[in-house]
Protein chains: 2
Amino acid sequence: MQQTKFLLGEDRIPTHWYNVVADLPAPPAPVLHPGTGAPVTPADMLPLFPPAVLEQEMSGERWIPIPEEVRRIYALWRPSPLFRARRLEAALGTPARIYYKYEGVSPAGSHKPNTAVPQAYYNKLAGTKRIATETGAGQWGSSMALACQMFGLECTVYMVKVSFQQKPYRKSMMQLWGAEVVPSPSPRTAAGRAILAQDPESQGSLGIAISEAVEDAVSREDTRYALGSVLNHVCLHQTIIGLEAKEQLALAGDYPDVIIAAHGGGSNFAGVGFPFVADKAAGKQVRIVAVEPTSCPTLTKGVYAFDYGDTARMAPITKMYTLGHDFMPPGIHAGGLRYHGASPLVSQLVHHGIVEARAVGQLACFEAATLFARTEAIIPAPESSHAIRGAVDEALQAKEEGKERVILFNLSGHGHVDMAAYDAYFAGQLEDFEYPAEKVEASLANLPKVKL
Amino acid sequence: MQQTKFLLGEDRIPTHWYNVVADLPAPPAPVLHPGTGAPVTPADMLPLFPPAVLEQEMSGERWIPIPEEVRRIYALWRPSPLFRARRLEAALGTPARIYYKYEGVSPAGSHKPNTAVPQAYYNKLAGTKRIATETGAGQWGSSMALACQMFGLECTVYMVKVSFQQKPYRKSMMQLWGAEVVPSPSPRTAAGRAILAQDPESQGSLGIAISEAVEDAVSREDTRYALGSVLNHVCLHQTIIGLEAKEQLALAGDYPDVIIAAHGGGSNFAGVGFPFVADKAAGKQVRIVAVEPTSCPTLTKGVYAFDYGDTARMAPITKMYTLGHDFMPPGIHAGGLRYHGASPLVSQLVHHGIVEARAVGQLACFEAATLFARTEAIIPAPESSHAIRGAVDEALQAKEEGKERVILFNLSGHGHVDMAAYDAYFAGQLEDFEYPAEKVEASLANLPKVKL
């Protein structure tokens, strides 16, 4: 029987995360304080993050050990399986060999627990009793709730109110894992109260929820904050995906010509892609491709510049690809990919030409996800469908050229809790969005003036 | 690091299913025609099932080969993992070693595809073009939709109307896998039209949906019917669960003292339990325990007698534990366990004292499921929570007695699409049900008079 899955025993969970900073062609740009414009110091960040996390955020070490306590929790679902998509290949009639790493096997259904677990662990170690965080559609909030439960921390999740009302299942998952879920804006924080005073019916936004979680964390001695994407330590923790995949591909006797992942804030892309940056730095021929939605084309249409991490200009200023912190992307169903900016590390790699980026429309993504579900059986999360679209396009190109090609993509999560998006697709209610050139131009006019 | 998961490569997917009929202390009772009361013949059943499935339904062979085409689809998610529940053990402070087999890794999220896939395959082989089936909450319908998609069959699922309206995610999954989903009662069948004529607002029932699917299947030459539980061939296909588990436990260096599974129609119980009946027949000391809800206590409070398989008295009459075909269980959240009867094979094993049965209340089940989610991280389906309750009780008893005990239970599915049930539990909206003695007595008065 031809092999479908390539599995590793839990003794093969990597012992170290890979830090791509060690292989960058230039040092990362400094991170600036949103108020003063001066480089942020550890002292600025200690009310938010525990020391070990801050150390990782700043580290230039290539390999950073994974604590045994974290590996023990990882073992509840890791190593995740690597699949050869034989039925998809057959349906496409491609000579390409398509592999996918499947992160939907985590109890939360996505790759997010890979970083939630170490963040909870390092907080526990530092004496933190409680975590405050925010969530949009709920993938991150549920992962953080799970991680806090594993280490006996309390967890409060500020959930964007419209999602709190429309995505009750994610809220229920957080509560089952013991978290308190607060619809945001809330009367619990000054930031929330200010919004509610202006508009008692406010449906909330990720920006507002971030403000509430940060305020909550800094106002209580026992509480710290946690973020699920963008930052260096988040990308670091996710590299376990690519490290495992590399070993699994070796079991399959293959090495990828191209690695593909969806890109929103950057964490799942970094997870599968960064370990191959190391190979590329060592001279290997390999392409690494980030796929983003045309409705929020940060890497393909944005500028590489200093900008605020959030709309409210409370988050640090980082050098990254950005559409401008004022840019409000249209409401596509892959909510996890609606971010005006990008991970500074991913941005730098795109800037140096080490990573490629392309944008795809949501209809093409749902078409690819449907083909995938009908061949490979797994129902993809809408975010992950961008990676599938990218992989299918590569496979079709290989077919056109009559060439073999080894494709690896990351299937970052399942879509069991996102079926409404598929309903909308089948009902013909989804549309593609034109690139909003004027809106981006206006937004880019508001970048902060940074002098270094 | 202590091992958490015991994995098998896909080359270890069993090559044969185990047929418990070969190890029964007496031959199974005949199956009777609901109209004539005479034993059913293959000719009666051929409009409904393909020849290979009927042959398995009647077979006394101990081992039945699994076709390579079926193993290839199984390989998309099988062998499923066996976990040692170390964190649950620690939380309980028990000397027991608790293992669980996890069937939620299937693309449909439960054990149901284990039989849907071979049923679709044998239909394809027999030239069937289309399958008609019914579904209550949607677990079976989505599994059959998936299986039909894998073999290029059309699939129509009659879905109980109240679930069609209240459980839209399962409906969406079926549609994504290419099935047509018809809310039942429908105007498509005489059975549906008769109900609608009486009550245009009818919310439907599983009995009505079965009638519609059977009528659809017998009225079209290209269409056959498929059932997801109760029948011998369904139990047979599920034995792959227990066969794998036995090999995985050997990897762990253990053998179970007790095997536990939830019991509704019998398919997941048979899946994990039957392969251990073989060991018991060979002289091994092992307990096999079916756990059912107190609200529908078929095995613990029913009688072992001939009864109709359905309320409408259109399904065959089989000898089984039954609460009477008129019995209407209260609407508990583990919808998959609301069946007045039981698998004839499981019933016979209980009757002979080879299998034990016990009943548990739904509050105790959700309590156990919550503890499980907070220790082992996976969110259990409400049906599966009955097995968890059973395992926890065994582990607590071992603690009380200060004795080691090896416990194996089947976690038949995840609860990502059942979060509303957890919401109701946390909101204090669920109740336990008294055993409805008078209702059962009345219902048992209506058993068919069978002379053999």
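Among contacts in chain A between residues at least 6 apart in sequence, what percentage join residues at least 24 apart? In this predicted model, the share is 76%.

Chain A contains 19 helices and 15 strands. Its C-alpha atoms occupy a box of roughly 60 × 50 × 45 Å along the principal axes. The radius of gyration is 21 Å, which agrees with the value near 22 Å that a compact globule of 452 residues would have. Of these 452 residues, 63% count as buried. Charged side chains number 40 positive and 46 negative, with the centres of the two sets 3 Å apart.

Aromatic side chains were examined next. Over all chains, the count of aromatic pairs comes to 33. One of these is formed by A:Tyr255 and A:Phe276, whose ring centres lie 5.9 Å apart with 65° between the planes, an edge-to-face arrangement. A:Tyr255 is located in the loop between α12 (240–251) and β10 (258–262), whereas A:Phe276 belongs to helix α13 (residues 267–281), so the pair ties together parts of chain A that are 21 residues apart in sequence. A:Tyr255 counts as partly exposed, because its relative accessibility is 24% and the buried class requires a value under 20%. A:Phe276 has a relative accessible area of 0% and is therefore buried. Elsewhere in the list of ring pairs, A:Phe83, A:Tyr100, A:Tyr102, A:Phe372 and A:Phe409 are linked into a cluster.

How values were computed: Residues are numbered from 1 along each chain as its sequence is written. Chains are lettered from A and ligands numbered from 1 in the order in which they are written. This is a predicted model: local features need pLDDT of at least 70, side-chain atom pairs count only at pLDDT 80 or more; totals for chains, interfaces and linings use all residues. Side-chain values use heavy atoms; hydrogens and water are left out. Helices (H or I, at least four residues) and strands (E, at least two) are DSSP runs, numbered from the N terminus. The radius of gyration is taken over C-alpha atoms; the globule rule is 2.2 Å times the number of residues to the power 0.38. Buried means under 20% relative accessible area, exposed over 50%, partly exposed in between (1.4 Å probe, protein chains only). Contact means heavy atoms within 4.5 Å. Lys and Arg count as positive and Asp and Glu as negative; His and the chain ends are not counted. The place of a charge is taken as NZ of Lys, CZ of Arg, CG of Asp or CD of Glu. Rings of Phe, Tyr and Trp (its six-membered ring) pair if their centres lie within 6.5 Å; planes under 30 degrees apart count as stacked, over 60 as edge-to-face and the rest as tilted.
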